Structures are given as structure tokens and as C-alpha cells.
Amino acid sequence: MAKYATIYHFRGGTKEQYEAGRARVLPDGKLPEGQSYHFAGPSDDGWVVFAVWDSRERWQRFREVCGC
């Protein structure tokens, strides 16, 4: 099965900002449907989020629903 990965780099981002955003988008703390892997952590100049999705379409549907 094909996979689709997303990488977000937030320059100046912090763990606190990430956790607040994640709580807003995923209030139950579970991965959204179609996402099989999620990693987030600090970088030299901010915060990075990496996720693997079943498909690009699943990622797009999630973005439409969460408004992110």
C-alpha cells in the first residue's frame, strides 16, 4: 500500500505550542483515521512534526475537517 508523509518545520516553535495545537486538533489524543505514525520534537531552531498517512487523500480529508 502506498504511503504519504508530511513534514512540518515550525521555526521558533515550542513544545508548549505543539501540545496546545495537538490538543485542539486531536482532543482525544488518538491519531486521526488514516495516520499510522506521528513524531514531533525539537529542531535546532524550532519544532518539527512528521506524520505518515495511508494516502494523500486521507491527509487532505483530515486537513479539511480540522481546519489546519
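Is Tyr4 buried, partly exposed or exposed? Tyr4 counts as partly exposed because its relative accessibility is 22%, where buried means under 20% relative accessible area, exposed over 50% and partly exposed in between (1.4 Å probe, protein chains only).

## Ground rules

This is a predicted model, so local features need pLDDT of at least 70 and side-chain atom pairs count only at pLDDT 80 or more, while totals for chains, interfaces and linings use all residues. Residues are numbered from 1 along each chain as its sequence is written, and side-chain values use heavy atoms, with hydrogens and water left out.

## Aromatic pairs

There are 5 aromatic pairs, counting Phe, Tyr and Trp rings (six-membered ring for Trp) with centres within 6.5 Å; planes under 30 degrees apart are stacked, over 60 edge-to-face, the rest tilted. Tyr4 and Trp59 make a tilted one, 5.5 Å centre to centre with 40° between the planes. It joins distant parts of the chain: Tyr4 sits in strand β1 (residues 4–11) and Trp59 in helix α2, 55 residues apart. Helices (H or I, at least four residues) and strands (E, at least two) are DSSP runs numbered from the N terminus. Trp59 is buried, at 14% relative accessible area.

Trp53 and Phe62 are also a tilted pair, at 5.3 Å and 40°, and both residues are buried.

## Around Val52

Val52 belongs to strand β3 (residues 46–53) and counts as buried because its relative accessibility is 18%. Beyond neighbours within four places in sequence, its contacts (heavy atoms within 4.5 Å) include Tyr4 and Ser36. Ser36 lies 16 residues from Val52 in sequence, yet 5.7 Å away C-alpha to C-alpha.
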